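Hi,

Here is the structure I said I would pass on.

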Amino acid sequence: MAPAAVGALAFAAHRRTQNPNAPSTRIPRLTSAPSDAPASRGNALLACGVVGATLLALIALGHDGRRIAQLAVLAAPVVLWLAWPLKSARMRRVRTVLVWLWAMGFALDGAVRAYLLDTYQAAPDGAMVLGAAANTNARESTEYLWMHWRSAVVWSAALAVAGVLVGMFARRGAVFDAAASSVRTRSPFWLRSLVLVLLLVACVAYASKPWRRLHPAIFWAGWSQSVHTLRAAWADQEKVRDRAMAQARAIAPVALQAGPSTVVLVITDSINRDNMALYGYGRPTTPRLLAHKAQAGEQMAVLKNAWSVDASTLPALRNMFHFGLPHAENAENGKDGDNPPHLLALARAAGYKVWWISNHDDLAIEQQHARFADVVDMVNRTPGRASASLDGEILDCVQEAFADTSTDRKLIVVHLMGAHPHYSLRFPENANPFDDDVDAVETGLVKDGRSAWVRRFRQEYDAALLYHDFVVSELLQQTRTAGKPDEYRAWMYLSDHGQEVGHGSDRAGHSPSTASGYRIPAVVWRSREPLLGGAAQQQPFRADWTGWTLMDLLKIQWSGQMPERNVLGDAYRWQAPKIPVAVESFSR
Ligand SMILES: [Zn+2]
């Protein structure tokens, strides 16, 4: 703001000199100076003005309110340097480079913040962005950029324009002219005062810690430190897990099922139920699950109105495995006796052997959940795998778990990539049947004004769902045919969160700010006892309560039971969750 203000005030002062009623301007101060000093000064002021205004525009994109002014003050000193006459040409070149680097630091900061704000309504130091950054490996980053290259191009273009503009004008800083300085050509009093005031305010800004911390260099250095700390905290959670296991043993849960029992939990990623034919979607994306439904009848419940309460993986899984109960602050580092128990710890304490079979390569999830299991298979880490990330790769591992004869009680957790971006990587090559002809879905999207690239993403997303249908159905088939026919088996399938693919807005990806980010599928199958009747399947279900339902499927009795949160029970009582978007009705 400061440099722009310089420009505005210079303009105001200029008008005042034209005003014949202002007596002080009657004495022509500068007209006696025969040099071009005012022209040079004008040049320098213009340079300050343009560099400052460019900077201010980018700062304003990524910040709001008082923050804009605070960052402008932090940026001001180096911009004002352009008005300081320099004699040596080399010094002026150094100044040009330094001013450019300085300005681009602020510009980059503004652009990154603006992008995050626009896409996720999130600040870079928010838990979601920090968690995602700490939890992302190089391959995932590449996939992410590939998916979002359009935004990247737009923001890079904006930065390039800013870079050229700043570069052009940073070269026009004030030049020390010996001839001109021999006559008195001091800048007007108001200008000197203004610069002085600005520099004083900047001194205050740099002396104040909370203010100084907004400086891009300091902020992003601190940010990368936070990411590093988070990763280090995840890297060894063994003590936390040991405490959770001790807590679970103290609770002493009891498995009531006599005889063999096998329970499968399939957690998938980024599946929006609105794209499943099983939920009434217009494209045939789930033929196999529909066939299972027709065969299984009352043993299979499709929960019509399932919702996640989180729009990203880490908090979603945390809620699923901790019964949606709140954690004490800083649970990772301190004592966590008051923290909710971990479902896998309870299952093990009740005598279950636990498998975690995952197609994710994910440090936080491995440390926070997977390592509770007796057997951990991170299939995605196997080097030299032919296909980068297709979920079908896990089927053999799951078959091995079914074949294991060392135990009577099995809990097999399967963590799939589902339709996690980039969608085109989630199905085999040339397996997209939705990209040739124009169908009702395509027509609807056109009518809603969705752009060509969002419609293309929708085709890929639906093809990913079709492949997903194959993997999920295979898992259900394996469960249905495992062991002896009279053995107790149960299967639950749900997504960690939804996905926006042109449903409510012209964009594709994770979506904390639209309902599509929370609309998930949830399906239960059980070998004995019919599941919910038709009416009960219309009851809304929330994914953070998964633990209560799963404990019912595991037939584990324990002191913390809350029957009103088990969607399969007669005592189930729905309570609407608090999610960051307005939902008209959770029952549709
Ligand atoms: Zn996810």
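Predicted model: local features only at pLDDT ≥ 70, side-chain atom pairs only at ≥ 80, totals over all residues.

Leaving aside residues up to four places away in sequence, D496 touches I267, D269, S308, T313, A316 and L317; two residues are in contact here if their C-beta atoms, placed from the backbone, lie within 7 Å. D496 is found in the loop between β8 (488-495) and β9 (500-501). Helices (H or I, at least four residues) and strands (E, at least two) are DSSP runs, numbered from the N terminus. D496 is also buried, with 27 other C-beta atoms within 10 Å (buried is 20 or more other C-beta atoms within 10 Å of a residue's own, exposed 12 or fewer, partly exposed in between). P521 is 25 residues from D496 in sequence, and their C-alpha atoms are 9.3 Å apart in space.

Residues are numbered from 1 along each chain as its sequence is written.

Now the core. The largest nonpolar core has 93 residues, and A347, V354, V413 and V414 have the most contacts inside it. By nonpolar core I mean a set of buried Ala, Val, Leu, Ile, Met, Phe, Trp, Tyr and Cys residues joined through C-beta atoms within 7 Å. Helix α19 gives the most to this core, with twelve residues. Another core lies apart from it, with 33 residues, including V73 and A170. V414 touches V264, V266, I357, I394, V398 and L475, again not counting residues up to four places away in sequence.

Two helices pack on α19. The axes of α17 (residues 395-403) and α19 (residues 452-481) are 11 Å apart, at an angle of about 15 degrees. Axes are lines fitted to C-alpha atoms, for helices over the stretch in contact, and angles run from 0 to 180 degrees between N-to-C directions. So α17 is roughly parallel to α19 (angles under 35 degrees count as roughly parallel, over 145 as roughly antiparallel, 65 to 115 as roughly perpendicular and the rest as oblique). On the α17 side L395, V398, Q399 and F402 take part, meeting E474, L475 and Q478 of α19.

As for α13 (residues 287-296), its axis comes within 7 Å of that of α19, and the two cross at roughly 30 degrees. That makes α13 roughly parallel to α19 as well. P287, R288, L289 and H292 of α13 make the contact with D469, F470, V472, S473 and L476 of α19.

Cheers
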